[in-house]
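Subject: Structure handover

Hello,

Here is the structure I promised to pass on. Please open it beside this email and look up each residue as you read.

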Amino acid sequence: MMHFENDERATSADAEVARRQYLTFFLGGEEYGVPILRVRQIIELGAITRVPAAPACVRGVINLRGGVVPVADLAIRFGQPECVPTRFTCIVVVDVALDDELTLMGLMVDSVNQTMELADGDIEPPPSFGTQAGPELLLGMGKYGAKFVLLLDIDQALGSLERPADPAPEPVAASAGEPRGADA
Amino acid sequence: MEIDRTLLLQTFAAEADEQLQVMEQGLVALELRPADAELLAAVFRAAHTFKGNAAVVGLEALALRAHVIEDALDSMRTHAAPVSSGAVSELLTTLDTLRSELRQSLAREPVDLAGTSALGPDDGAFAANRHRTLRIDAAKLDRMLSLSGEISIARGRLRAQLAAEDAHGAELRLAAALETHLEADRLHRELQEEIMQARMVPVGPMFRQYQRVVRDLALSLGKRVALSITGEDVELDTTVSDHVRDPIMHMLRNALDHGIETPERRSAAGKDPVGRLTLGARREANSIFIELSDDGAGFDTQRIAQRARQLGDERASELGEEELLRLVMEPGFSTADGVSELSGRGVGMDVVRRNIDALRGTVSIASRRGQGSTIGLRLPLTLAIIDGFFVEVAGETYVLPLESVTECIELPSDQRTHADGCGVHDFRGQALPYVRLRELFGLGGAPPRREHLAIVRHGERQAGIAIDAPLGQDQAVIKPLSKLFHGIAAVAGSTITGSGHVALILDVAAVLDLAVARAPGSRGVTDSSREVA
């Protein structure tokens, strides 16, 4: 059940167009938006293969048309309880800049809401507190009607995940007391 | 018109590269066999053709330079000038100039010449990141095309059989469809084999490129060395081939720098003043072996032990010869006392091992003090597919490389002892340590009533990996994992199962390392129980 697919490349930005389109979705009761040119596909939630020692907010990997794509749980990234699958849960596949390279990554979201157009004037800087996602992970707050949508900086939120360096958590019985500087 | 010029230049660039290599390799060989008229003629022909081709595409400066080389070769041909070592050196230098001029001229052309190695970075023949192209025999492509055509026909028949009206009864129809499907399967395997075959390249051209390097290095070190090459026809997957270039280079440098002695020392030791290096390849079952042997001094195990003690390994004095040799491949270990121009920059054999590990290969060292050493690389035939042993743990599917699994047995329920997932199983009278993947990977849930144990072997190590159930063996097409996961040593890659789900391919050695690191009272990650051979 593929609802939506985007074949436009992210380069078609017309300098004069100050209005940009965003795809919005709900996560933990808040509405978030990502630039639609970064969205490749929306798919229903299927089986996710867990990857041992992966960053905490990475739920695992999925098969996306023969390619293997990691799926992130933004709720965990924001320090919230993990996303609990319902029948509305979707995976939004986006392009994320990882080490200066665009790579596909899935975002687990509670539900997809709508696409909307925002002019640059409709966007305010993120508040310094009060949102689940810290201000460093937001591009700004989009205003529409009487509501706000939190515009996510997906490169910041997902491109800068700490990589697993050593999959071994510290052995508990450290009788010898050897300090090893692993940040597990 | 413009297209014609592009085509012309592309052909010229590809051919020029080949001719430069023929000239270079020919000259190096000529130095050893100055009387070989045929060889001289071949080098001359290459220079002549280069000159002609350069003139055709209007690169006059290159043609002139080639003409100079041609002239010098001609006077050697007519015995007007001797084929001396000095003359060869001079010609090689001119050749280097020609090569860099070629690169500059091509770079100035307003056409895209990516894919021609003449445009590679300055280290020429050893360009690692050049655009990857492969020449394929047209007959091979024809076979692939006809196979894929046959597959289409079989699929069409299958569709017809499945859609047919029930004239013969469902069972008959299904049986026929299954037969067609199996036929298509067989064709598909054939096609896959053809494609893999097309990716194979002989090691000869790569090996021959080292002749020049060895010659130049030996000269700069004041040593005399002859490199002989065996198994030139052995074929290797093009990706594997690209990735062993640098490790072999490293091994050669090591052998020249630390292995082969100076002519005086060799004479004093009663050896031929000319050192012998042998670079050979051979195929065995599903592996390729590449070996580099030298008849030099061999590894100095005393110095290795000394260095190990310096690095804080207090057990170094108790280690045997073989174990000491393995230490050489530990990260950061190098026996070079001073930093020489060639090797010994603190990166030595460990770099070789890391590269070969990444290819799922293994490195072994054999050495005899005073008599020489042999470094062996065992490499898989291809990187695209492995024979996998599929297992199930906590609802997930994992793939163990079949080559490291020796057997799979049922784990007697009375043996499940430890809570941390590790235990010891009495395996035919031997105490076999095992680790339960469920606990190791933190998958949660209780193990099933009947568990199984996959017996794995890596190097000298044998251990068990406790799994819920074996799912059988099959080929696994390797899919790369996101960069996000590159630090996870235990996961080598992923594949997609028949049901369309992702299954992780495990690195058995890293899984065992992880188990060792987790074990209570372990000495930590640098535990030297990690095997290499």
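Below is what was found, starting with one chain and then moving to the other. Please keep in mind that this is a predicted model.

**Chain A overall**

Start with chain A. Its secondary structure comes to two helices and twelve strands. Along the sequence, the order is β-β-β-β-β-β-α-β-β-β-β-β-β-α. Of the 184 residues in chain A, 43% are buried. The accessible surface of the chain is about 9,400 Å². Carbon and sulfur atoms account for 52% of that surface.

Now take the contacts in chain A between residues at least 6 apart in sequence. Of these, 57% join residues at least 24 apart.

**A cysteine in chain A**

Find C57(A). It sits in the loop between β4 (39-44) and β5 (58-64) of chain A. Is C57(A) buried or exposed? Its relative accessibility is 5%, so it counts as buried, the cut-off being under 20%.

What does C57(A) touch, once residues up to four places away in sequence are set aside? The list is V71(A), A72(A), D73(A), I76(A), R77(A) and L161(A). Take V71(A) from that list. C57(A) and V71(A) are 14 residues apart in sequence, and their C-alpha atoms are 8.6 Å apart in space.

**The cores in chain B**

Nonpolar residues come next. In soluble globular proteins, nonpolar side chains tend to be buried together. The largest nonpolar core here has 65 residues. L437(B) and F441(B) have the most contacts inside it.

Look at L437(B) and leave out its neighbours within four places in sequence. The residue is then in contact with V393(B), Y398(B), G442(B), L443(B), I465(B), A466(B), I467(B), L506(B) and V511(B). Another core lies apart from the largest one and has 49 residues. Among them are V203(B), I248(B), A281(B) and M329(B).

**E31(B) and R215(B)**

Here is a pair to display together. E31(B) is in helix α1 (residues 2-32) of chain B. R215(B) is in helix α7 (residues 204-221) of chain B. A polar contact of 2.4 Å joins their side chains. R215(B) has a relative accessible area of 9%, which is under 20%, so it is buried.

E31(B) is in contact with S85(B), V88(B) and R215(B). R215(B) is in contact with V28(B), E31(B), S85(B), V88(B), S89(B) and L92(B).

What about S89(B)? E31(B) and S89(B) are 58 residues apart in sequence, yet 9.1 Å apart in space, C-alpha to C-alpha.

**An aspartate in a loop**

Move to D295(B). It lies in the loop between β5 (287-294) and α10 (301-310) of chain B. Which side chain does it meet in a polar contact of 2.8 Å? That partner is R266(B). The side chain of D295(B) also has a polar atom 2.9 Å from the backbone nitrogen of R276(B).

Beyond four places in sequence, D295(B) touches I260(B), E261(B), R266(B), K271(B), G275(B), R276(B), Q371(B) and G372(B).

Most residues other than glycine have a negative phi. Two residues in chain B are worth checking against that. H79(B) is not a glycine, but its phi is positive, at about 60 degrees. R428(B) is not a glycine either, and its phi is positive, at about 50 degrees.

Where are they? H79(B) is in the loop between α3 (60-77) and α4 (85-108) of chain B. R428(B) is in the loop between β11 (422-427) and β12 (430-436) of chain B. H79(B) has 72% relative accessibility, which is over 50%, so it counts as exposed. R428(B), at 62%, counts as exposed too.

**A patch on the surface**

Last stop. L134(B), I136(B) and L141(B) form a nonpolar patch on the surface. Together they have about 230 Å² of accessible area. L141(B) is in helix α5 (residues 138-163) of chain B. Its relative accessibility is 46%, so it counts as partly exposed.

Best wishes

Key
Residues are numbered from 1 along each chain as its sequence is written. Chains are lettered from A and ligands numbered from 1 in the order in which they are written. This is a predicted model: local features need pLDDT of at least 70, side-chain atom pairs count only at pLDDT 80 or more; totals for chains, interfaces and linings use all residues. Side-chain values use heavy atoms; hydrogens and water are left out. Helices (H or I, at least four residues) and strands (E, at least two) are DSSP runs, numbered from the N terminus. Buried means under 20% relative accessible area, exposed over 50%, partly exposed in between (1.4 Å probe, protein chains only). A nonpolar core is a set of buried Ala, Val, Leu, Ile, Met, Phe, Trp, Tyr and Cys residues joined through side-chain atoms within 4.5 Å. Contact means heavy atoms within 4.5 Å. A polar contact is a pair of N or O atoms within 3.5 Å; within protein, one must be able to donate a hydrogen and the other to accept it, and residues adjacent in sequence count only if both atoms are side-chain atoms. Patches are made of residues with over 30% relative accessible area and no salt bridge: like charges are joined within 9 Å, nonpolar side chains (Val, Leu, Ile, Met, Phe, Trp, Tyr) within 5 Å. Accessible areas come from the Shrake-Rupley method with a 1.4 Å probe; for residues, only the protein chains shown count as cover. A salt bridge is a side-chain nitrogen of Lys or Arg within 4 Å of a carboxyl oxygen of Asp or Glu.
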